[in-house]
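Please consult the sequence and structure below before reading on.

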Amino acid sequence: HEKTIAIVTARGGSKDSPQEIKAFAGVPIIRYSIDAALQAACFDEVMVSTDDREIAEIAQKFGAKVPF
């Protein structure tokens with residue numbers, strides 16, 4: 001069985017906090033994408049591809065894998 005993987009891309013590196021970690025309704029924006037992928041129940045894994053350590057930590061906190 002081949003794995004089905006959801007990949008959420010989240011670029012860091014801006015002067016301010018990256019958009020993905022800014023809160024919307026008290027929740028980091030990236031969490032909405034992670035939650036949607038996890039709840040879809042059609043993916044074997046949910047991964048976040050990012051160049052930002054803080055985004056990676058938040059993504060892992062909410063159940064995504066950050067392999068790079």
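**Helix α2 and its surroundings**

At the start of α2, the backbone nitrogen of Glu 54 lies within 3.0 Å of a side-chain oxygen of Asp 52. The model is predicted: local features need pLDDT of at least 70, side-chain atom pairs count only at pLDDT 80 or more, and totals for chains, interfaces and linings use all residues. Residues are numbered from 1 along each chain as its sequence is written, and side-chain values use heavy atoms, with hydrogens and water left out.

**Faces of α2**

- Helix α2 spans residues 53–61, and its buried residues (under 20% relative accessible area, 1.4 Å probe, protein chains only) are Ile 55, Ala 56, Ile 58 and Ala 59.
- Seen down the axis of α2, these residues fall within an arc of 165° (taken from the directions from the helix axis to the C-beta atoms), so they line one face of the helix.
- Arg 53 and Lys 61, both exposed (over 50%), sit on the face turned away from the buried side of α2.
- The cover over the buried residues of α2 includes β1 (5–10), β3 (27–28), α1 (29–39) and β4 (45–50).
- Gly 63, which follows α2, has a positive phi near 100°.

**The chain as a whole**

- The chain has two helices and four strands, assigned as DSSP runs (helices H or I, at least four residues; strands E, at least two) and numbered from the N terminus.
- From the N terminus on, the order of elements is β-β-β-α-β-α.
- Of the 68 residues of the chain, 37% count as buried.

Conventions
Contact means heavy atoms within 4.5 Å. A polar contact is a pair of N or O atoms within 3.5 Å; within protein, one must be able to donate a hydrogen and the other to accept it, and residues adjacent in sequence count only if both atoms are side-chain atoms.
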